[in-house]
Amino acid sequence: MQAHYLAGLDLHGRKVVVVGGGSVAQRRLPNLVAAGADVHVVAVDPTPAVESEVAITVHRRAYADGDLDGAWYAMACTDDPAVNAAVVAEAERRRVFCVRADDARQGTAVTPATGVHRDLHFGVLAAGDHRRSAAVRAAITEALADGTSLRITDDRRHAAGVALVGGGPGDADLITVRGRKLLAEADVVVADRLAPIALLDELGPQVEVIDAAKVPYGRAMRQEQINEILVDRAKAGKFVVRLKGGDPYVYGRGFEELQACVAAGVPVTVVPGISSPIAGPELAGIPVTHRGVTHEVVIVSGHVAPDHPDSLTNWQALAQMRGTVVLMMAVKRIDEFATALLDGGRAADTPVAFIENASRPDQRLLRTDLAHAAQTAVEQELIAPAIAVIGPVAGFTDADRVLGF
């Protein structure tokens, strides 16, 4: 294979066109977004994770000649070789470098196996041997992290089974060391929408990535189907990583997945993750507990309304608490939850903080009080994923100068 010239591209504010919205595109998008690119995805049926990414523009249609107009960089990521060839042909006419995912030799650029260590970005090309380039990248990352010598073991395979890995609140750096190690050894990755999706770009092309996104009140893979996939792939001799946002057991249905694996006789291990109801507020400068202020914190699901027959929460008792309430999945019904707490006796001037997209580059902090929580959410166009922190600690501002809020 012809040698390639490695270069770092400044894509900030520049148009990048990705044709195709499947798992390959899903892997590439986080790094393009992180680079500040103006990303346009052209796809007939994008995955839920691609479709719901607010930082990109999705065009739900087939590719058409002219879609690369104004582009600085392009990626042909469909499962149709003829379409990919057409994208490359247009790119060459327009003198736009283009990656062809299904046949790198036919494109004008290739995507290296990339890694990040603090402010150091590095890339590895291995003449088309994706498994080896991924192994070298993993070895470099490990060596930089712990200072050991470089040892490349690209032929190592993990035993068949399932690992339920908590990926943390979203930032790729907040996954545990063990979680990242197991992810690098996976044959199959079943990923949630709120998992650190940027890590998928570190996987070799031989790794099967399955989008198990659950878009709020939108498209979602049934939990039973997810369970079946985990069991089926593991029984086929694969090592499966179920990559989840936060912690597997905190509103992550991780124990249901463990039960399915145990019932099927599939070996399963659980890797705890940094849970967003604790980490999100902390990253926004808010402790969920504080000496002399609050002795308790309650994490509550906002998936169902307070008066819904499926609700298991005693909102009257919750309103009588003096400590911290953290509401998850509550954006759509924040007015109902605020009303329930007010009706139960919680003070109208109780501080409330909303943390949107915790740990991501577009993290946002909104402050208000319980009486005006719903109004603030509407006026400020609060979107999921977001956490609501209710209680005295939500009014703490000491860290604002440090964190830049």
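**Figure 1. Domain layout of the predicted model.** The domain assignment of the protein chain gives domain 1 (15-111), domain 2 (161-271) and domain 3 (277-395); such bounds come from an automatic or database domain assignment. Taken over C-alpha atoms, the centres of domain 1 and domain 3 are separated by 39 Å. The model is predicted, so local features need pLDDT of at least 70 and side-chain atom pairs count only at pLDDT 80 or more, whereas totals for chains, interfaces and linings use all residues. Residues are numbered from 1 along each chain as its sequence is written, and side-chain values use heavy atoms, with hydrogens and water left out.

**Figure 2. The parallel sheet with strand order 3-2-1-4-5.** Five strands make up this open sheet, and their pairing is parallel. Helices (H or I, at least four residues) and strands (E, at least two) are DSSP runs, numbered from the N terminus; two strands pair if DSSP finds at least two bridges between them. Strand 3 (57-60) and strand 5 (97-100) are the edge strands, each pairing on one side only. From one strand to the next, the twist averages 15°. Strand 2 (residues 38-43) runs parallel to strand 3 and is joined to strand 3 by four bridges, with R60 of strand 3 as the bridge partner of A43. Helix 3 (residues 81-94) lies across strand 1 (15-19), strand 4 (73-76) and strand 5, and runs at about 165° to strand 5. Axes here are lines fitted to C-alpha atoms, for helices over the stretch in contact, and angles run from 0 to 180 degrees between N-to-C directions.

Figure 3. Y73 belongs to strand 4 and, at 9% relative accessibility, counts as buried. Buried means under 20% relative accessible area, exposed over 50%, and partly exposed in between (1.4 Å probe, protein chains only). Leaving aside neighbours within four places in sequence, Y73 is in contact with L9, L11, K15, V16, V17, V96, F97, V99 and A109, where contact means heavy atoms within 4.5 Å. Y73 and L11 are 62 residues apart in sequence, yet 8.3 Å apart in space, C-alpha to C-alpha.

**Figure 4. The charged end of R14 over the ring of W72.** This charged end sits 4.3 Å from the centre of the W72 ring. A charge sits over a ring if NZ of Lys or CZ of Arg is within 6 Å of the ring centre and within 35 degrees of the ring normal.

**Figure 5. Strand 11 (residues 239-244) and its parallel partners.** Strand 11 is mostly covered, with six of its six residues buried. F239, V241 and L243 point one way from the strand, and V240, R242 and K244 point the other way. Strand 8 (residues 161-166) runs parallel to strand 11 and is joined to strand 11 by six bridges; V240 is the bridge partner of V162. Strand 9 (residues 188-191) also pairs with strand 11 in the parallel sense, over four bridges, and here L243 is the bridge partner of A191.

**Figure 6. The buried residue E257 in helix 7.** Helix 7 (residues 254-263) contains E257, which is buried with a relative accessible area of 0%. Not counting residues up to four places away in sequence, E257 touches L164, Q223, I226, N227, L230, R242 and K244.

**Figure 7. The two aromatic pairs of the structure.** The rings of Y249 and F255 have centres 5.7 Å apart and planes at 80°, so this pair is edge-to-face. Rings of Phe, Tyr and Trp (its six-membered ring) pair if their centres lie within 6.5 Å; planes under 30 degrees apart count as stacked, over 60 as edge-to-face and the rest as tilted. Y249, at 39% relative accessibility, counts as partly exposed, and F255, at 45%, also counts as partly exposed. The rings of W315 and F337 have centres 5.1 Å apart and planes at 15°, so this pair is stacked. W315 lies in helix 9 (residues 315-320) and F337 in helix 10 (residues 334-343), so the pair ties together parts that are 22 residues apart in sequence. Both W315 and F337 are buried.

**Figure 8. The mixed sheet with strand order 13-14-17-15-16.** This open sheet has five strands and mixed pairing. Strand 13 (297-301) and strand 16 (364-369) stand at the edges with a single partner strand each, so one side of each is left without a neighbour in the sheet. The twist averages 20° from one strand to the next. Five bridges join strand 13 to strand 14 (residues 324-328), and these two strands run parallel; V298 stands opposite V325 in strand 14. Helix 8 (residues 276-283) packs on the sheet and touches strand 13, strand 14, strand 15 (351-356) and strand 17 (386-390), its direction making about 80° with that of strand 17.
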